[in-house]
Amino acid sequence: MAPFHFTTGDVSGVLLFIAIGFAFGYILESSGFGDSRKLTGQFYFTDLAVLKVMFSAVVLAMVLLVWTSTLGLLNFDDVWVNHTFLVPGIMGGAVMGVGFVVGGYCPGTSLVSMATLKKDGAVFVLGALLGMFVFGETVDGILPFFDSTEMGRVTLSDALGIGPGVVAALVAVMAIGLFVGADALQKKLHGTKVDPAPRVGRFTVPTLAAAGLVVAVVPLLFVSQPGYLEKWELMTDKHALLEERQVHIDPGELLETLGDDAVRLELLDLRPEPAFNRFHIHTAQRANLEGLAQARERLLALSSNTVIVLVDQGEERSTEAFRLLSAMGVRNVYLLEGGVDHWLHVYAPNTPTTGPALGDRWAASRPDPHDAGHREFEKKIKLATKPKRSGGCG
Amino acid sequence: MTTAPAPGPAPTRFWNPYFGGALLGLLLFFSFFMTSNGLGASGALNRVVVATEGVISQEHVDTTPYLAEMGGADRNPLDHWMILEILGIILGGLVSGLVHKRVRPETFKGPRISNATRLAFALLGGGIMGYGARLARGCTSGQGLSGGAAGSLGSWLFLAAMFASAYFVALFARRLWR
């Protein structure tokens with residue numbers, strides 16, 4: 001299930017990223033975005049290519065994302081959504097607006113301009129590098145501001161309380177309105193006649209495209225996004241992890257991980273409170289499925305050296321939680337093989353099942369590896385040494 | 001699909017913006033579909049800065065948290081997909097320029113200012129843009145296109161702020177372009 005995660009670690013990933021960049025640069029240059037006069041024309045209403053290119057790109061990509069998510073072809077939870085830092089984001093945007101008009105480019109277009117040997121483009125790139133240098137040197141001074149108003153991963157859908165399909169439809173309508181309005185405004189201000197568009201039969205291509213867009217988004221008003229369990233069903237490539245028990249770790253491995261300083265362990269115990277209070281493994285926290293479903297933000301933000309281990313009395317809840325977290329796009333998730341029952345069987349076979357609620361103050365909560373004796377097990381935890389997840393210009 | 005020639009020394013034909021936009025939209029979707037990330041540019045430029053600083057003084061990078069995150073200790077700031085992408089952007093821009101015979105040294109500017117003035121403002125504008133891009137944690141590609149397509153609230157607010165600001169500043173910057 002998409003998105004796939006090509007990385008820079010192998011040749012196919014390297015080639016893919018270069019190819020994507022190549023296509024990006026080619027499209028920008030072919031659209032004339034290596035020319036600062038064309039770009040700034042947007043802000044004098046003489047050339048509205050910036051608006052048209054950006055918005056048609058955003059609308060088309062958004063509609064495709066929502067459609068593939070609705071059809072279960074793409075797990076939108078796994079798609080990078082820039083985190084919202086309300087005030088610094090708006091301030092940064094305002095500052096960039098100044099830079100755009102004064103300098104004539106934005107970072108991407110300046111690279112294209114430089115590539116075609118334009119001096120103003122090259123100088124702009126140099127300026128941008130210097131500006132970033134200054135930022136890096138001074139950000140400490142504005143850190144409280146820079147980190148303020150963080151809202152995390154928030155989409156328009158989340159913020160407005162409407163489905164992503166409805167958002168896509170609204171954006172599509174807004175885009176069409178902007179395009180029509182922009183052309184009218186340009187004509188009124190400058191009297192420039194926009195070239196007659198190519199026609200197919202009675203209709204112009206833009207009209208057909210707009211109609212196509214409307215047809216594509218209307219159904220989105222009525223469909224809903226798949227839930228997590230539905231997503232899991234579609235993630236067939238991940239099913240083997242459970243079926244072949246590739247993520248079920250031995251108590252010995254969990255004990256070892258408890259003592260591993262390089263790994264940050266997030267031990268989630270899914271059992272009811274009384275059981276938890278009676279006995280739980282050292283550092284375990286209580287969790288339940290509903291809470292996990294709502295904690296997506298926190299779980300996705302965990303550091304890349306975090307390993308999540310799910311614990312149940314046996315394996316029932318931890319297996320379901322594994323499906324849930326996997327569908328949410330959380331990585332490095334494992335479950336304790338045999339659960340607490342198996343753990344106690346290994347480390348403290350004589351621990352009574354009833355009795356005082358000692359929580360984690362039992363010896364068996366954190367058995368001494370030396371006393372416990374050497375235990376043979378198959379190591380299953382593999383820390384994906386992926387770079388910190390970032391997208392766009394993060 | 002082409003539009004009328006833009007003003008300049010030699011006639012050039014650019015793609016129809018809706019055509020270019022549609023292709024860009026497909027590329028953007030393709031990028032999300034294959035890599036889970038959209039497009040980006042300023043992040044890569046930032047990493048180039050960090051890498052350069054690392055060559056001059058690794059200690060400085062190690063002791064500055066914002067820089068250390070990307071290039072501290074044994075982290076290589078250039079080992080990132082965005083670096084590969086900007087190499088592609090430069091290559092793609094060059095090839096398109098060659099195909100359309102638009103590769104030649106020149107300075108684009110408004111008719112009322114000199115080349116020198118234009119270059120000075122390009123440097124200044126670039127500096128402002130670079131600073132702003134890091135403040136916003138992204139630029140028009142990363143926040144605008146990618147964040148916009150993904151529906152990020154912050155990205156849409158960023159776009160609104162950027163356009164509003166640009167239109168406002170344009171009132172005072174006419175001399176540069178018109």
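The centres of domain 1 and domain 2 of chain A, taken over C-alpha atoms, are 42 Å apart. The model is predicted: local features need pLDDT of at least 70, side-chain atom pairs count only at pLDDT 80 or more, and totals for chains, interfaces and linings use all residues. Residues are numbered from 1 along each chain as its sequence is written, while chains are lettered from A and ligands numbered from 1 in the order in which they are written.

Domain 1 of chain A covers 11-226, and domain 2 covers 229-372. These bounds come from an automatic or database domain assignment. Seven residues from domain 1 of chain A and seven residues from domain 2 of chain A take part in the contact. Two residues are in contact if their C-beta atoms, placed from the backbone, lie within 7 Å. On the side of domain 1 that touches domain 2, one residue is nonpolar, three are polar and three are charged. Here Ala, Val, Leu, Ile, Met, Phe, Trp, Tyr, Cys and Pro count as nonpolar; Asp, Glu, Lys and Arg count as charged; the others, Gly among them, count as polar.

Chain A also holds an open sheet of five strands. Their order is β5-β9-β8-β6-β7, and the pairing is parallel. β5 (248-249) and β7 (285-286) of chain A each have a single partner strand, so one side of each is left without a neighbour in the sheet. Helices (H or I, at least four residues) and strands (E, at least two) are DSSP runs, numbered from the N terminus. Two strands pair if DSSP finds at least two bridges between them. Strand β8 (residues 306-311) and strand β9 (residues 333-336) of chain A are joined in the parallel sense by three bridges. Val309(A) has Tyr334(A) in β9(A) as its bridge partner.

Chain A meets chain B through 115 residues, which contact 117 residues of chain B. Helix α4 (residues 86-103) of chain A gives the largest share of chain A's side, 17 residues. That side of chain A divides into 73 nonpolar, 32 polar and 10 charged residues.

Chain B has nine helices and zero strands. Its C-alpha atoms fill a box of roughly 50 × 40 × 35 Å, taken along the principal axes. Of its 178 residues, 58% count as buried. A residue is buried if 20 or more other C-beta atoms lie within 10 Å of its own, exposed if 12 or fewer, and partly exposed in between, with C-beta atoms placed from the backbone. Among the contacts in chain B with a separation of 6 or more, 44% join residues 24 or more positions apart.
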